[in-house]
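Hello,

Here is the structure I promised to pass on. Please look it over first; my notes follow below.

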There are 2 protein chains.
Amino acid sequence: MNSRRASPPAAGKQPETAASPWRASRERLRDRALKREAVIRAAAREFNRKGYHNTSLDDIAARLEVTKPTVYYYVTSKEQLLFQCFVAGVEQIRAAFRDVRHLEVPARERLNAVLRHYGEAVASEFGWCMVRAEDQDLSPAMSRHIKALKSEIDHGIRRLIREGVQDGSIQPCDPKMTAFALAGALNWIAHWYREDQSLTGAQIAAAFVAVFEGGLRPRAGAAPLAVRRGTRRRARRPAQAVAR
Amino acid sequence: MNSRRASPPAAGKQPETAASPWRASRERLRDRALKREAVIRAAAREFNRKGYHNTSLDDIAARLEVTKPTVYYYVTSKEQLLFQCFVAGVEQIRAAFRDVRHLEVPARERLNAVLRHYGEAVASEFGWCMVRAEDQDLSPAMSRHIKALKSEIDHGIRRLIREGVQDGSIQPCDPKMTAFALAGALNWIAHWYREDQSLTGAQIAAAFVAVFEGGLRPRAGAAPLAVRRGTRRRARRPAQAVAR
DNA sequence: CCTCGACCATACTGATGGGTAGCTATCCTA
DNA sequence: TAGGATAGCTACCCATCAGTATGGTCGAGG
């Protein structure tokens, strides 16, 4: 008499992106790890859409077409969910550092490669969580952990900058400030990429690296990688509109 | 027999930054606007410290040594509080655009001036609110309003870039991506400035502008604005430490 | 057939926090 | 000095939501 599990025909919403592995595969409901990963991804998507605090575990569960206790079956707390998303994102960047470590090219090119991967990671589905995981939202222990991971990446960038200055491939500069500027620009992608997906993460990262490399001030040589004309209209200014 | 207002002698905590204008000035408690502004500032400070969602109105009230209904006497909702903080921050940037509009210098220098003010605003007490006010946390109406203000600034930067490309003071580039990169780097200051106040906002902004202008790739000319030596130690790398 | 354990749902608790009702004190004006 | 406006407090309401207690279902092994 229990009407449990009688819902499938009533489902009116298509699975949207990746179908949840639950009802779809009532057989081989083995593989706990696979489901756990699905929970993490679903959480990342919801956090990305509505923010951490505006996302309830009921939301995440609903997205997976299960209930909240099921989510807790795979994860111990909401906080851990955020942390896992963070780690998933940050791991991509750490991989970029590892890949680049042994390349036999000037440090500036190694840095560029890292920054490109960095940008792609920030534009990925875990980008928001990686970038926006606030230490205020986490327990002291996890906060320390996250801070350490962020610091590791920050110092990795600074080191590449220092090496570049030493081998002559990078303009002398303050490594700390420069690293902040580069990482900040890339981190910020997570804020607007959600709404403007006209470019891929890789394209954005490449465009940013081009800006960083060349700088705004014109070089002595010719103008690289850009159209030359553009003297069409002379900057109309709409009378200081207060913008709605 | 009412023990109201009998607390002053029991106050064990010094006023920290700016003393709340309540108990301190029991006379001329005129000037509602002044108190309202104090509420906004207190909110900004608390949001800055703990984030919007982790700050309760009781916290803000406590910081002012009043109670929650008093806060509601000056403000209609928590959401409005955030919005006001946002506007206070953004207004500094709009002022920068106005100041610069009529300068008779190349567009790149006008852009630099705006960016310096931008950086200072982000490092100010309203920086966090301005940068982090999420549309998900606000009603649709205020969300639209905030988006419009952000868009106005974004397009202001893009226009300066376009003008710079046209008058030859800026390297040809994609205005949209370049504006995103510049604004992102500066916005991100709000994330780390809280913890590292070794520099003033103006100093940070100046350092960032220097990076943006020159770019990473060495110029043909001499090396500007940086120490020349620095070949001290050859980039020790601590065996891929997982950082705690 | 019967039990065990993995898995998941229903239905609850407890705390937090935005927001309000209504009373009180103080000041200004008449 | 009465009466209204200003300004602030105590005490409360109630929606939300993280997390849990409990129990039901199903496949697998005996």
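Helices here are DSSP runs of H or I with at least four residues, strands are runs of E with at least two, and both are numbered from the N terminus. By that rule chain A has ten helices and zero strands. This is a predicted model, where local features need pLDDT of at least 70, side-chain atom pairs count only at pLDDT 80 or more, and totals for chains, interfaces and linings use all residues. Residues are numbered from 1 along each chain as its sequence is written, chains are lettered from A and ligands numbered from 1 in the order in which they are written, and side-chain values use heavy atoms, with hydrogens and water left out.

Chain A overall

Chain A has 244 residues, and 46% of them count as buried (under 20% relative accessible area; exposed is over 50%, partly exposed in between; 1.4 Å probe, protein chains only). Contacts are heavy atoms within 4.5 Å. Of the contacts in chain A with a separation of 6 or more, 65% are between residues 24 or more positions apart.

Arg132 and the two chains

A:Arg132 sits in helix α6, residues 127–132. Its relative accessible area is 5%, so A:Arg132 is buried. Leaving out residues up to four places away in sequence, A:Arg132 touches A:His191, B:Arg132 and B:Glu134. A:Asn48 is 84 residues away in sequence, yet its C-alpha is 9.6 Å from that of A:Arg132.

Salt bridges

A salt bridge here is a side-chain nitrogen of Lys or Arg within 4 Å of a carboxyl oxygen of Asp or Glu. The count over all chains is 32.

Which residue forms a salt bridge with A:Glu134? The partner is B:Arg132, with the closest N and O atoms 1.8 Å apart. A:Glu134 lies in the loop between α6 and α7 of chain A and B:Arg132 in helix α6 of chain B, so the pair joins two chains. Both A:Glu134 and B:Arg132 are buried.

Within chain A, A:Glu46 pairs with A:Arg63 in a salt bridge, and their closest N and O atoms are 2.8 Å apart. A:Glu46 is in helix α1 and A:Arg63 in helix α2, 17 residues apart. A:Glu46 is buried at 3% relative accessible area. A:Arg63 is partly exposed at 22%.

In chain B, B:Lys147 bridges to B:Asp135, with the closest N and O atoms 3.6 Å apart. B:Lys147 is in helix α7 and B:Asp135 in the loop between α6 and α7, so the pair ties together parts twelve residues apart in sequence. B:Lys147 is partly exposed at 40%, and B:Asp135 is partly exposed at 23%.

Best wishes
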